Amino acid sequence: MIINKNVILNYVNEIKNENTRNTYSSCLNLFLKFIKKTENTNITQDNIYPTIYKYKSFLLKRYIHPKTINQQLIIVKSFFNDYTDIYVGKLKLLKTKEKPINYLTPREISIILEDTTNTLDSLIIRLLAYTGIRLTEALQLKKRQLKYKTSEGHVIITVRRKSKERHMIIPSSLAQDLIKYSKYHITYIFESESPVEPILKPYHIQRNFKILAQQLDAKYNTTFYSKNLKTRYIRNSYTMHGIDYLDLLFAENYDDYKYITSIPQKELKKEDIIEKFSSIGEYAK
């Protein structure tokens, strides 16, 4: 198969997410540049593996971080498997070092909430810390999604990212506060005052958190909050501490319990969550 700019363009244009589309376009155009330089734009099943491993050697000279190189190789593999008749099996990727997860402890979350006077900020912090939801997903939540309650009064929500669905449980007290907060909103739980753009943008929340962090640093004479009061770190709190027996009880009675999210980007598995998680905030016994 002859690989050229038009082939790559046709492939990436089918990708809906703009950020993903841009990443794939950049990676595949670099691959195209490489095969042009080697005068081998006609890729076949016979030469695909030698071509990829030569490309890997080329990337090793160009990039320092193994994760970047692995991403380049995976995207090339996806292109051939998704868009051509050429099959690329398992590739030998570079070993990468696992970075430690930055997160806030239950005590740190509690201190932040005690000093938070802004209702919006408080609800976002609780939602991220007690469900593991992403900020962008939280801001997209609609009022009608708060209707699906369990027998204990908790609310199950479904969020979609690309082709995947994830189910999360909102504690009953937090769900009630969200319902109360959004009572006069039209569609979304969190709405801006602008009629043109009713959905709040992430930068609105990040700006609020930056101000809150500065206030906390001044109060406690530290720089901790400016460094750590970030939406990602709050969400990671759920990864480290956030599931309780209420999730387990609900999971056992839910037909598709294995799809209930217990940690970001990973499906809940009944057999491994009991030991891994402890309680936090509103889940505390």
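## Salt bridges

In this predicted model, glutamate 137 and arginine 134 form a salt bridge in which the closest N and O atoms are 2.8 Å apart, the term meaning a side-chain nitrogen of Lys or Arg within 4 Å of a carboxyl oxygen of Asp or Glu. Both glutamate 137 and arginine 134 are buried, where buried stands for under 20% relative accessible area, exposed for over 50%, and partly exposed for values in between (1.4 Å probe, protein chains only). The structure holds three salt bridges, and side chains of opposite charge can pair in general when their charged atoms come close.

Another of these salt bridges joins lysine 219 to aspartate 115, with 2.4 Å between the closest N and O atoms. This pair links distant parts of the chain, since lysine 219 sits in helix α9 and aspartate 115 in the loop between α5 and α6, 104 residues apart; helices (H or I, at least four residues) and strands (E, at least two) are DSSP runs numbered from the N terminus. Lysine 219 counts as exposed because its relative accessibility is 53%, whereas aspartate 115, at 19%, counts as buried.

A salt bridge is also formed by the side chains of aspartate 177 and arginine 126, at 3.0 Å from N to O. Aspartate 177 belongs to helix α8 and arginine 126 to helix α6, so this pair ties together parts that are 51 residues apart in sequence. With a relative accessible area of 32%, aspartate 177 is partly exposed, while arginine 126 is buried, its relative accessible area being 11%.

## Nonpolar core

The largest nonpolar core has 38 residues, of which Ile124, Leu127, Ile133, Ile170, Leu178, Phe190 and Ile234 touch the most other members; such a core is a set of buried Ala, Val, Leu, Ile, Met, Phe, Trp, Tyr and Cys residues joined through side-chain atoms within 4.5 Å. Two or more residues of this core come from each of α5 (106–114), α6 (119–131), α7 (135–139), β1 (155–161), β2 (164–170), α8 (172–181) and α9 (202–220). Helix α6 gives the largest share of this core, namely eight residues.

## Positive surface patch

On the surface, Lys33, Lys37, Lys61 and Arg62 gather in a patch of positive charge. Patches are made of residues with over 30% relative accessible area and no salt bridge, like charges being joined within 9 Å and nonpolar side chains (Val, Leu, Ile, Met, Phe, Trp, Tyr) within 5 Å. The accessible areas come from the Shrake-Rupley method with a 1.4 Å probe, and for residues only the protein chains shown count as cover.

Helices α2 (18–37) and α3 (48–62) each supply at least two residues of the positive patch. Lysine 37 is found in helix α2, and lysine 37 counts as exposed because its relative accessibility is 71%.

## Loop residues

Glutamate 39, in the loop between α2 and α3, has a positive phi of about 55 degrees although it is not a glycine. Asparagine 221, in the loop between α9 and α10 (224–228), likewise has a positive phi of about 55 degrees without being a glycine. Most residues other than glycine have a negative phi. Glutamate 39 is exposed, with a relative accessible area of 74%, and asparagine 221 is exposed, with a relative accessible area of 72%.

Lysine 147 is placed in the loop between α7 and β1 and counts as exposed at 65% relative accessibility. Serine 182, in the loop between α8 and α9, counts as buried at 1% relative accessibility. The C-alpha atoms of serine 182 and lysine 142 are separated by 9.5 Å, the two residues being 40 residues apart along the chain.

## Basis of the values

Residues are numbered from 1 along each chain as its sequence is written, and side-chain values use heavy atoms, with hydrogens and water left out. Because the model is predicted, local features need pLDDT of at least 70 and side-chain atom pairs count only at pLDDT 80 or more, whereas totals for chains, interfaces and linings use all residues.

Key
Lys, Arg positive; Asp, Glu negative; His and termini not counted. Charge placed at Lys NZ, Arg CZ, Asp CG, Glu CD.
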